[in-house]
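Biologist: Before I rely on any label in this model, I would like each one set against its definition. Could you take me through them one at a time?

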Amino acid sequence: MNRRQFLVSSAATATLALAGCTTVPPIAATPQLTPDYGVIVDAGYTIPAVPMQRLEARFSRQIVRYPTEHAPGTIIVDTPEKFLYYVLPNGEAVRYGIGVGRAGFAWEGEAYVAWKQAWPRWHPPVEMIEREPHLEEYADGGMDPGLTNPLGARALYLFDQDGKDTLYRLHGTPQWDSIGTAASSGCIRLINQDIIDLYDRVTPGRNTKVVVLQ
């Protein structure tokens, strides 16, 4: 008989800064999805395999029980736990491990996915260039897509309810070992294999709500 691993989360509720909504935390769950983190050839780029033996099992992509008041298709980012949930019907969700913003760069609230891009160019914000002058070379045209691009294989662009770019992204990363850490400048990063999976599930538009919990 195959061994089943049960993941249990604490029974606490998180408060949204902008909307005042609450999400019921996930209850005991059994992984039902076998992720493939092997080599992927995509648009001419060869994405390396992820050494899963070096990544905590809880951060691998899996379907979990996740009762919530939010509609299927909603993306919920649980910053403290370093998880992103894509809500499915019937009280389930696809759960991904994520890397989040380091101290001083975290954010919370609601947004929506305005658009998405495969193999995006990276345009560092002015504030980042001021902190890291060596990025000046990317100020105008940005960094070309590729395996070393900080946005990875895919990016989802988050806009606020007024239709303004928040400058925050859900994106891939070539740095798989940053998953489960607080190391970014505020954006939410996923393993490239995972952002491709999420990208394929998401239809941009105001109905694709993103809720970020702190």
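Biologist: What makes Lys82 a buried residue that has no salt bridge?

Modeller: In this predicted model, where local features need pLDDT of at least 70, side-chain atom pairs count only at pLDDT 80 or more, and totals for chains, interfaces and linings use all residues, Lys82 is classed as buried, a term that stands for under 20% relative accessible area, with exposed over 50% and partly exposed in between, using a 1.4 Å probe and protein chains only. A salt bridge needs a side-chain nitrogen of Lys or Arg within 4 Å of a carboxyl oxygen of Asp or Glu, whereas the nearest side chain of opposite charge, Glu81, is 7.8 Å away, so Lys82 has none. Residues are numbered from 1 along each chain as its sequence is written, and side-chain values use heavy atoms, with hydrogens and water left out.

Biologist: What does the side chain of Lys82 reach?

Modeller: The side chain of Lys82 reaches the backbone oxygen of Pro80 at 3.4 Å, and because a polar contact is a pair of N or O atoms within 3.5 Å, one able to donate a hydrogen and the other to accept it, with residues adjacent in sequence counted only if both atoms are side-chain atoms, this pair qualifies. Lys82 also touches, among others, Phe59, Tyr96 and Thr181, contact being heavy atoms within 4.5 Å.

Biologist: Why is the pair of Phe83 and Tyr85 called edge-to-face?

Modeller: A search of the whole structure finds six aromatic pairs. In the pair of Phe83 and Tyr85, the centres are 6.2 Å apart with 70° between the planes; rings of Phe, Tyr and Trp (its six-membered ring) pair if their centres lie within 6.5 Å, and planes under 30 degrees apart count as stacked, over 60 as edge-to-face and the rest as tilted, so the edge-to-face label applies. Ring pairs also link Phe59, Tyr66, Phe83 and Tyr85 into a cluster.

Biologist: How do you know that Phe83 and Tyr85 are buried?

Modeller: Phe83 has a relative accessible area of 5% and Tyr85 one of 1%, so both count as buried.

Biologist: What makes Arg95 a charge over the ring of Phe83?

Modeller: Arg95 lies over the face of Phe83, at 4.1 Å from the ring centre, and the label requires NZ of Lys or CZ of Arg within 6 Å of that centre and within 35 degrees of the ring normal. The charged end of Lys116 likewise sits over the ring of Tyr199, 4.3 Å from its centre.

Biologist: Why is Glu110 called buried?

Modeller: Glu110 has 16% relative accessibility, so the residue counts as buried.

Notes: Lys and Arg count as positive and Asp and Glu as negative; His and the chain ends are not counted. Lists of a residue's contacts leave out its neighbours within four places in sequence.
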